[in-house]
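I opened this entry to record what I looked up, item by item.

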Amino acid sequence: MKISIIGTGYVGLVTGTCLSEMGNKVYCVDNDIEKINDLNNNIISIYEPNLKEMVEDNQNKENLFFTNDLKNALDSSDICFIAVGTPMNDDGSANLSYVYDVASNIGKNISKEMIIVVKSTVPIGTSDKIKSIISNEINKRNIEINFDIIFNPEFLKEGNAVNDFMRPDRIIIGGGSNKTQETLRELYNTIVMNHDRLIFMDVKSAEMTKYASNAMLATRISFMNEIANICEKTGANIKNVRIGVGSDKRIGYDYLYAGCGYGGSCFPKDIRSLISVAKENDYSPILLNSVEEVNENQKNILINKIFNRFGKDLSKYTFAIWGLSFKAETDDVRDAFSIDLIKNLIDSGAKIKAYDPKAIRSFKNVFGENNNISYFKNKNEAIKDADALILLTEWKEFRLLDFEELSKNLSNNIIFDGRNIYNRKFIEENNFELYQIGC
Ligand SMILES: NC(=O)c1ccc[n+]([C@@H]2O[C@H](COP(=O)([O-])OP(=O)(O)OC[C@H]3O[C@@H](n4cnc5c(N)ncnc54)[C@H](O)[C@@H]3O)[C@@H](O)[C@H]2O)c1
């Protein structure tokens, strides 16, 4: 099939690349000219396992094209995906200006019958608004063009995005005529080959399914963080509790890790947006508000442990940070916990020596220049003469500690483990102090 994807960020690039891998001709459009030029020169602005190789391969096969020319992409395709960002407004609601801008541009440029697939995460009712924006623009041109619209949320996890797209738990198709649904079934059958994975429903329920899925996962995280905080007060160990609780088949182990709270480009903004949707509809979402409040409080847990150990004035201290991205296997630092913690440490006078395998460039872009942070090319350089090591992202290379190297470089044998990845007994046997969350 011939497909255009508007918005070539995480979701757009992964969607476009994976669909081209299945033999479709895909035109990825973005209004960021530099990004498109980079992609045409094999420079990919995000890190995602296997993505770079697949992009190159499909460009060489002439299945995948990157362009700023929306009209040409629409003229060349039968299905158009909208995958632009829906970031958070200051009041917590979703900023829909990018989505509406694209809708209006589609209406101005569409020249033939087409299926429009909304992939951006949007509040309930937005797909209907997109439809009327496109219709209004077509009407202004005094022409008649048939188009159908469906909402098809994306559930990929950054760090495993290609794999998640290629092996999804489910594909939700919201709305659309029978003909549209059949076309989407054909498109996705090349990926799943299993009809059970496709779930058809009305458009509003599909929009809500995306929000509800993220809200459920965020709730599990906040729930475990709350239990971890009670564990600390009572002497229980959250790692043991997780194993005990997760072994119940009805519950399972995923998303039950205590830590410094959820971050990233989706959970914080999607929970806030759902809260905002509820309030706009005169409903007070008690549970969702609490999920968010627990998460905000959780961001203070690690810094308070650092203050308790070193005092509130940190001007005499330097901390080594391992990990800047919001989770392993991605360079995404949007709403990453590292930003809050490093800001707090610097505001308290500390100096920072930071290392991340992939996210230093994106962190610098977000955090800006700061004389109190230096960045290092490997984890051992970052710990030299630091007063403690703070682990913030669970990259594989941090899992096994070299105690000789740590003792040689660190001024004190102290580790703050914001991800609970280390074994206390083992760490303490090697004469290190260990601070974790809820254990
Ligand atoms: N990142 C994730 O893990 C993830 C997972 C599932 C769903 N989502 C949802 O998918 C959507 C996209 O997220 P993302 O992380 O890919 O965003 P992103 O910020 O990485 O990418 C958005 C892209 O859209 C481009 N863009 C903006 N306005 C445009 C316009 N008018 N025309 C053409 N291009 C335009 C931007 O330049 C950017 O490259 C969001 O709604 C998000 O909530 C994201």
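**Loops and phi**

I began with Asn420, which is found in the loop between β13 (414-417) and α18 (424-429); helices (H or I, at least four residues) and strands (E, at least two) are DSSP runs, numbered from the N terminus. I was working on a predicted model, where local features need pLDDT of at least 70, side-chain atom pairs count only at pLDDT 80 or more, and totals for chains, interfaces and linings use all residues. Residues are numbered from 1 along each chain as its sequence is written, and side-chain values use heavy atoms, with hydrogens and water left out.

Asn420 is not a glycine, yet I read a positive phi of about 55° for it. Most residues other than glycine have a negative phi. Asn420 has a relative accessible area of 10%, so I noted it as buried (buried is under 20%, exposed over 50%, partly exposed in between; 1.4 Å probe, protein chains only).

I then went to Asn431, in the loop between α18 and β14 (433-435). Its phi is also positive, near 65°. Asn431 counts as exposed because its relative accessibility is 60%.

**Ligand site**

I found 27 residues around the ligand, with Asp30, Lys35, Thr86, Glu158 and Lys269 the closest; a residue is taken as near if one of its heavy atoms lies within 4 Å. By class, the shell holds nine nonpolar, nine polar and nine charged residues. Asp, Glu, Lys and Arg count as charged, Ala, Val, Leu, Ile, Met, Phe, Trp, Tyr, Cys and Pro as nonpolar, and the others, Gly among them, as polar. Helix α5 gives the most to this shell, with three residues.

Where does the ligand lie relative to domain 1 (2-201) and domain 2 (210-298)? Both domains give residues to the shell, so the ligand lies between them. The domain bounds come from an automatic or database assignment.

I listed polar contacts next (N or O pairs within 3.5 Å). A ligand oxygen is 2.6 Å from a side-chain N or O atom of Lys269, and a ligand nitrogen is 3.4 Å from one of Ser265. Thr121 has a polar backbone atom 2.9 Å from a ligand oxygen.

**Core**

The largest nonpolar core has 42 residues, and Ile106, Ile116, Ile130 and Ile134 have the most contacts inside it. Such a core is a set of buried Ala, Val, Leu, Ile, Met, Phe, Trp, Tyr and Cys residues joined through side-chain atoms within 4.5 Å. Helix α9 (residues 203-234) gives the most to this core, six residues.

Note on methods:
A polar contact is a pair of N or O atoms within 3.5 Å; within protein, one must be able to donate a hydrogen and the other to accept it, and residues adjacent in sequence count only if both atoms are side-chain atoms.
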